[in-house]
Amino acid sequence: MEGRGPHGARGAHVVIRPEDLRGAARLLTRVSDPRAAVCLAASWMLRADVAELWEPGPDGPVLAASTEEGRFSLPAPAIAARVIEEGCTHRARSGDGGGGPVLVEPVQRGRKTVAALLVRWRRAVDDIDETSLASLSLLAAQAALAIERTALAQELARQAETDPLTGVANRRGLARALERDLAAARRTDRHLAVAMLDLDHFKAYNDSEGHPAGDLLLRGAVRAWREHLRAGDLLARYGGEEFVVVLPEAGDAVTAMRAIERVRMSTPYVTASAGLALWDGREPAAHLIRRADGALYEAKRAGRDRTVLAADLRVVSRPSS
């Protein structure tokens with residue numbers, strides 16, 4: 001419904017119609033991304049030009065969803081930051097960059113504000129009825145549920161790919177991460193290496209010291225190994241006392257061998273053996289791991305406490321202390 005603004009300019013009255021509610025409901029059920037669904041529903045229901053969901057970040061609010069593409073690098077509007085900080089609804093006659101009015105609703109879980117739902121119009125708006133305001137509050141509550149569901153799904157996915165004892169990736173997490181790293185290596189022509197690490201005589205250690213001590217040894221080894229890995233490297237528990245290290249930026253064979261030796265030789269209390277395989281640029285992940293495992297078998301057969309490089313089976317022994 002159109003009307004006249006304060007200076008004779010034509011402005012809109014935002015009044016929710018039944019078809020607006022039905023359209024918003026359809027969007028909430030049909031759009032797979034719950035954050036995006038809330039923004040689309042808010043924009044549709046209030047006939048706004050833009051709807052955005054801002055969430056707290058380490059350096060201020062970050063844009064989590066928007067009905068406009070290409071806006072995710074923009075800084076947060078001051079009004080969104082204020083709503084997150086104060087937890088109260090804000091209205092402004094125009095946005096930070098001018099244009100029509102802006103309405104921002106806090107998204108709250110209990111007493112905590114977890115986001116700000118922002119809608120803006122590029123045209124003049126004379127009035128927003130109370131039903132529209134109440135409906136935006138309902139959508140803000142829906143946004144809170146969407147954020148909670150997404151966080152829960154992400155946590156469940158993380159747990160499904162994490163070894164509960166050591167906190168590193170499990171075989172499922174390894175498979176996903178290795179496929180990702182191999183795809184990146186293909187695109188960028190990078191060198192990549194995989195190593196299999198095994199604690200020597202772990203069964204005997206468990207039998208003599210007890211399983212709780214064995215668990216402590218596994219966790220201690222992981223902590224020690226992580227100190228010698230780079231941020232982009234991956235450590236995963238393959239099973240029992242066997243672990244896999246993925247080096248996405250392995251360099252040549254000598255560089256990769258030195259990296260794994262630093263990791264292996266940091267093992268506390270016991271020795272460790274390792275098998276190292278350099279990716280040939282074509283082989284699948286399963287074949288690469290099998291080659292590293294074969295090299296590990298050779299390291300154990302040669303007397304343990306060493307690293308063997310797959311293919312030429314070059315041995316690097318621990319130097320005498």
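1. Let's start with residues 317–321, where pLDDT stays under 50. Even so, the model has nine contacts for this stretch beyond four places in sequence. Please remember as you look at it that this is a predicted model.

2. How does the protein score on average? The mean pLDDT is 83, and 83% of the residues score at least 70.

3. Now have a look at helix α3, which spans residues 78–86. Which of its residues are buried? They are I79, A80, V83 and I84. These residues lie on the same side of α3, because they cover an arc of only 140° around the axis.

4. What covers that buried side? Among the elements over the buried residues of α3 are the strands β3 (50–55) and β5 (90–92). The cover also includes β6 (102–109) and β7 (112–120).

5. Just after α3 comes G87, with a positive phi of about 70°.

6. Is C39 buried or exposed? C39 has a relative accessible area of 1%, so it counts as buried, the cut-off being under 20%. C88 has 40% relative accessibility and is therefore partly exposed, since this value falls between the cut-offs of 20% and 50%.

7. Finally, how many disulfides does the structure hold? The count is zero. As a reminder, a disulfide is a covalent bond between the sulfur atoms of two cysteines.

How values were computed. Residues are numbered from 1 along each chain as its sequence is written. This is a predicted model: local features need pLDDT of at least 70, side-chain atom pairs count only at pLDDT 80 or more; totals for chains, interfaces and linings use all residues. Side-chain values use heavy atoms; hydrogens and water are left out. pLDDT is the predictor's confidence in each residue, from 0 to 100. Contact means heavy atoms within 4.5 Å. A disulfide is a pair of cysteine sulfur atoms within 2.5 Å. Buried means under 20% relative accessible area, exposed over 50%, partly exposed in between (1.4 Å probe, protein chains only). Helices (H or I, at least four residues) and strands (E, at least two) are DSSP runs, numbered from the N terminus. The arc is that of the directions from the helix axis to the C-beta atoms.
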